[in-house]
Amino acid sequence: MKKPVRIKFEGMSKWIYFSILFSSLFLLNSCVDKNDYKFNTDYVIELYNKTFPVKDIDPAQDWKTTSVVKMNVTVYEDELETYKIKVYDNFPYNEEEPANRLAMGTIENGKTLELSFDAPLVKDTLYVSRVDRSNRRLVQMVVVNDRNSISNVVFGTAPSRAYSYNIGTGVVITSRSEPYTEAQISSMLSTALEVESWKAIGVSYGIISKTGVYKLTKDGASYKFSFNGSDRKCVLIVTTNWTPSEPVNVGGNNLTIVIANGGSFSGTMNISNSSNLIVLKGGRIEGANTKIYISNASNGMINYNGGDIDINSIVINGGNGEFYNASNLILDLYNATDAGTVLVNKGYCSIGRIDALNGNIENGCYMETPGDFSVTKLAMGNQTMLKCNSLNMNQWGNMSAIIGQNSMIDCATKMKTHLAIQGSGFNNSLVRIRGIQTDYLDSRHYYKDVTVECGDATTGIAARKQLTKLCKSVAIIGESSVIVPAGNCTGNGNSPGTGGDTDVESSSTYTYCYEDYYPIPGDYDFNDIVMDVSYNLIKKKNKIIKVEIPVKLVAVGATYSIGAALQLINIPKSNIKSVTVTNGDLNFGTIFATQVIESDMNSFTVIPLYNDAHHAISGQAANRYMYNTVKGHENYTDASPRDMTVTIEFVTPIDYFGLDNMDLFIARPIINGYYEGQEDKTRVEVHLREFWGYRTANGANFENNEAIAGNRTWAIAVPNFRYPYERVPIFKIEGTNTDANSAYPYFQQWASDRNQAKDWYLRPNSGSTYR
C-alpha cells in the first residue's frame, strides 16, 4: 500500500489551531529521509477534528452545488418549422435579473429534443424558451422536483381527436334577432294610440289601446309620464326626438319601450320589474348626461340595442337579466354587479369603465374599455377583440374566461384574476397583458390552450414569473405566432412580427475555490486560488462537436507557487481531436509540462493552464503577494484577472458535456524530498471532492488522509460565488464569533444536511466577501 504524507505531531492537545496548521504544513513540505517519520493515524484524526471548522458533515454530502437535469422538449406548432430551444435559470429577456442560459438545441416541429445539462441545486424552477425562425420567443416555466427523472416540456398541442372543442365551432356567443322587424313596427304603428303627457297608459284611469300598442310620434320634448304597471302587455313605440326634462319612470310590469327608426331619447330613464327597453335600427339614445337605470334586471326580459346608444351610463340591478348589443354601444360606465346579469356584445362596444364584478360578459365582436374592466365570467367568441386598460376577473366558481379561435384580449396594464382562462383548444387564442396580479395560486387557477404575451423589456420580472405559474406558455409582447385577422370585430387584429431573440447571452459561471494546504486543513477562506469557469457547447444536429471553456484566474491567496490544469473525466482520450489553450501561462514554473496535453501516462486528457498563479495573474513571481483577496494592505494587491480559453474538438460528436466532465484542479510542487513510497511523484494536487479518485500520474497519493478526512473537502465549485476575504473562513472556526469572523453563516447547515440551506452561497455576511 502506498503511504501518504509522513507527519509526526507531539503534544497536540496543547496546540492552538494555527500552531497545528503551520507546523503540519512545514512537515508536509519538508520530505527528507523516508525513515524519519511514519504515518500516524491517531494524530491525523486529532488534527482534522481540531482544525476543520465544519463539523457533523452529512455522510451523503458531496459538496456539489449543481447537478444534471434531464429534459425532453417537444413542439407541436407549425409544420415544416424548425425551432431553437433554450433553457434558463431565470425568466429570460429581462434586464432586472439577467438569466443564465443552461442549455440550447434545435428541434423540428413534431419531434422531441433530449437535453442533459448542469443546473444549480437551488434552482427548482427553470424556464424554457421556444424560438422560431423569426426570432419570436415563447417561454414556459418548469418545476424540477426530481433530478433523477426526466422533465417533459411541450409547446403546442399534439394532434388528437380528443379535443374538447370542434375546430369549426370554437366558442359560441349568444345570438339574437331584432325583436321587431320594420314591417311589424309599421303594422303596430297603424293601430297604435298616441300618448298624452302625464296620462297613464294601459290602465282604466288613463289611456287604453285595444291592441296594447302606444306611440310617441309628435313633439317628444313635452311628453312626460310615469308607468306604474298594467295587467296586459303594453308597447310604447317612439319615432320622434324624446327629450323629457324630468326622469321617465317605468315602475310597473308589462311595458316595452321601443326606440324605433327615426326615434331618439335623451334624459334619464328608470325601468324596473318586468319592463324593458329596445332600440331598433335607426333608433338612438344619446347625450352626455343620459342615464339608463334597469332595476330587477327586467326580471329576465331582454334589453336590446340594434341602433346607436352613446350616453353616460347603463346601470343594471338585480340578477339573471340580459342587455344585448347588436350595433353600437358607447358608454362612460356600465355597472351590473349582481350575479347572473350578462352583457352580450355582437357589435361595436366602447365603454369607459365596466364594473360587472359579479356579472357576466359575452363578447362576440369588438369591445374596448379605456378604463378598468371588472367581470366575473368573460366569454370571447371566434375572431373577436377586447381591448382594456386593466382586467379584473374575480370569480370563485368555474372558470373566469374562455376565448375563441383567433381572438384576443389586449390589456394595457395588468390583469387581476383568481381563476382560469381557457382557449378554444388550438392555441390560437391570445391574451396580451403587461402584468399579472393574483392572491391565489391553487389547482383551480390555470391557463389552458391560450397563448399569453406578457410585457416588453421593461415589464417587472416578478410579474412574468408569477404569470408562468399560471399559464403554459408566455411570449414577449408582439412575438407570439397567433394570428388575429383585422376586421370590424377585431380592429387591427394581431400579425406576428419579428422577435428579438439573440444568441449573445450569458451562460452560467461557476467559481472554483481552493484551499492549497491539502492534505492539511487550511484557514478555510477558500481563496488560495479562485477561478471563474463557464462553458459553451457548439453543436451540430444537437450533438456536441466542440466545447469552448473560458477560464478566468480571479484571485491568488497562496504565498507559493501554484499551478492549475483541466482534466477531462469520462471522455476517452481517443475521442479528443484537438485541444487549444488561449492565453495560458506555462513558460514560468515547472509544475506541468509545457505542451498542450500532458503525458500519455494519465488515464484521461490533462490540459495544463498555468505553472505559477502569481506570474499568471501579475506577470511576476519575485514578490509572492496575495492578489484580489484583501483591499488596502501592503502585502496584498489588486490585479486584473487573467482570461484563458480552452477549446476542445471531438472526433465523434458527444451527447453530453458538463461540470461532471471538468476536473479543474490546482497543484503545488514537491520540493526538498518526496513522500514515502512515492519518489516518482512531482506535485500535490487539490481536486474537488467528487474527483478525489482522479489524481493524475504525477500527483502524490493521499488515500489514507482522505479516508480519515471522510467527507471533508479542500475545494468547492459554486455558481457565481462571492468568495471570502483573506483570513475570513467560509464558516466559523470554533471559539470565534460567527457574524464577525465568517463569510457564510448557513454553510454549516448545508454541510450537515445537503438538502437544507441549498442557497447558502446567496446569503453572505455583509462585508465578508471580496466581490
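**Aromatic rings**

Author: Y48, F52, Y518, Y524, F526, W692, F702 and W714 are linked into a cluster by ring pairs. The model is predicted, so local features need pLDDT of at least 70 and side-chain atom pairs count only at pLDDT 80 or more, while totals for chains, interfaces and linings use all residues. Residues are numbered from 1 along each chain as its sequence is written, and side-chain values use heavy atoms, without hydrogens and water.

Reader: What makes two rings a pair, and how many aromatic pairs are there?

Author: Rings of Phe, Tyr and Trp (its six-membered ring) pair if their centres lie within 6.5 Å; planes under 30 degrees apart count as stacked, over 60 as edge-to-face and the rest as tilted. By this rule there are 32 aromatic pairs.

Reader: Why is the pair of W63 and W750 called edge-to-face?

Author: The ring centres of W63 and W750 are 5.7 Å apart and the planes stand at 75°, so the pair is edge-to-face. W63 and W750 are 687 residues apart, and the pair links distant parts of the chain.

Reader: Why is W63 called buried?

Author: Buried means under 20% relative accessible area, exposed over 50%, partly exposed in between (1.4 Å probe, protein chains only). W63 has a relative accessible area of 3%, so W63 is buried. W750, at 2% relative accessibility, also counts as buried.

Reader: Why is the pair of Y518 and F702 edge-to-face?

Author: The centres of the Y518 and F702 rings lie 5.4 Å apart with planes at 80°, so this pair is edge-to-face. Both Y518 and F702 are buried.

Conventions:
Helices (H or I, at least four residues) and strands (E, at least two) are DSSP runs, numbered from the N terminus.
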